Amino acid sequence: MDRAEASGRGHVPDPAEPRLLRDALGRFATGVTVVTACECGGEGNPIGITVNSFASVSLSPALILWSAARSSMRHAHYTEAPAFAVHVLRHDQSGLARRFTRSGDRFDGLDYTMNEDGVPLLADTLARFECVTEARHDGGDHTIIIGRVTRFTADPDGTPLIFSGGQFGGFVPDAQPS
């Protein structure tokens, strides 16, 4: 523990030393999703990216959000996409999550279909939210993308893949009292 921690003052975010803030944020466990769309505003090749910055915004209307890093080579495609899908991954899909973190043809040999909005839909995920883009907002080094949910699926029996401290893992619920 350093002196800032011991005194209770903590750290001041420093762009020259982002690792401290990143490590602190990594203490918050998140679910893992893959967001899919198509290049060129929905007219090109399928694209996908692993994302943990996914959240519910509103139930009425049904809105969700996710954040696209401006440094991503796919940023322009996602910010121009009229529609996209967010796939919540199952506890045993860390390989799928890793597949969409690296470059190359992520869809090669992958089981997917295209919906009527031209968005690739991955098979057998824990939940899926098909969306049309509602709004985009500046979020520093990210763009916050708000989607209006047009259709969704959910498996009531599965458990989610979790990301915390730079690692994938599973969710273990508390024992239920009898």
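Q: Before anything else, what does buried mean here, in terms of relative accessible area?
A: Buried means under 20% relative accessible area. Keep in mind that this is a predicted model.

Q: OK, and what share of the residues count as buried?
A: 35% of the 178 residues of the protein.

Q: How many helices and strands are there?
A: There are 5 helices and 12 strands. The C-alpha trace spans about 55 × 50 × 35 Å along its principal axes.

Q: What fraction of the contacts with a separation of 6 or more come from residues 24 or more positions apart?
A: That would be 61%.

Q: How far apart are the mean positions of the positive and negative charges?
A: They sit 4 Å apart, for 16 positive and 22 negative charges.

Q: Let's go inside. Which residues of the largest nonpolar core touch the most other members?
A: Val35, Trp66, Tyr78, Phe84 and Phe129, out of 19 residues in that core.

Q: Which strands each supply at least two residues of this core?
A: S2 (33-38), S3 (46-51), S5 (62-69), S6 (83-88), S9 (127-139) and S10 (142-154) each do. Apart from this core lies another one, of 9 residues, including Val34, Ala97, Phe100 and Leu161.

Q: Why would nonpolar side chains end up together like that?
A: In soluble globular proteins, nonpolar side chains tend to be buried together.

Q: Back to Phe129, what is it in contact with, leaving aside neighbours within four places in sequence?
A: Phe129 is in contact with Phe54, Phe84, Ala85, Val86, Val88, Val149, Arg151 and Phe152.

Q: Val86 is on that list. Where is Val86 found?
A: Val86 is in strand S6.

Q: Why does Val86 count as buried?
A: Because its relative accessible area is 0%, and the cut-off for buried is under 20%.

Q: So what does Val86 touch, again skipping neighbours within four places?
A: Its contacts are Thr33, Val34, Val35, Phe54, Ile64, Ala127, Arg128 and Phe129. As for Gly48, it is 38 residues from Val86 in sequence, and their C-alpha atoms are 9.6 Å apart in space.

Q: Switching to loops: where is Asn115?
A: Asn115 is in the loop between strand S7 (112-114) and strand S8 (120-122).

Q: Is Asn115 buried or exposed?
A: Asn115 is buried, because its relative accessibility is 10%.

Q: What does the side chain of Asn115 make a polar contact with?
A: The side chain of Glu130, at 2.8 Å. A polar atom of the Asn115 side chain also lies 2.9 Å from the backbone nitrogen of Asp117. Not counting residues up to four places away in sequence, Asn115 touches Leu121 and Glu130.

Q: Where is Asp124, between which strands?
A: In the loop between S8 and S9.

Q: Asp124: buried or exposed?
A: Exposed, because its relative accessible area is 56% and the cut-off for exposed is over 50%.

Notes. Residues numbered from 1 in each chain as written. Predicted model: local features only at pLDDT ≥ 70, side-chain atom pairs only at ≥ 80, totals over all residues. Heavy atoms only, no water. Helix = DSSP H or I, 4+ residues; strand = E, 2+ residues; numbered from the N terminus. Buried < 20%, exposed > 50% of the residue type's maximum accessible area, 1.4 Å probe, protein only. Contact = heavy atoms within 4.5 Å. Lys, Arg positive; Asp, Glu negative; His and termini not counted. Charge placed at Lys NZ, Arg CZ, Asp CG, Glu CD. Polar contact = N/O pair within 3.5 Å; in protein donor to acceptor, adjacent residues only side chain to side chain. Core = buried A, V, L, I, M, F, W, Y, C linked by side-chain atoms within 4.5 Å.
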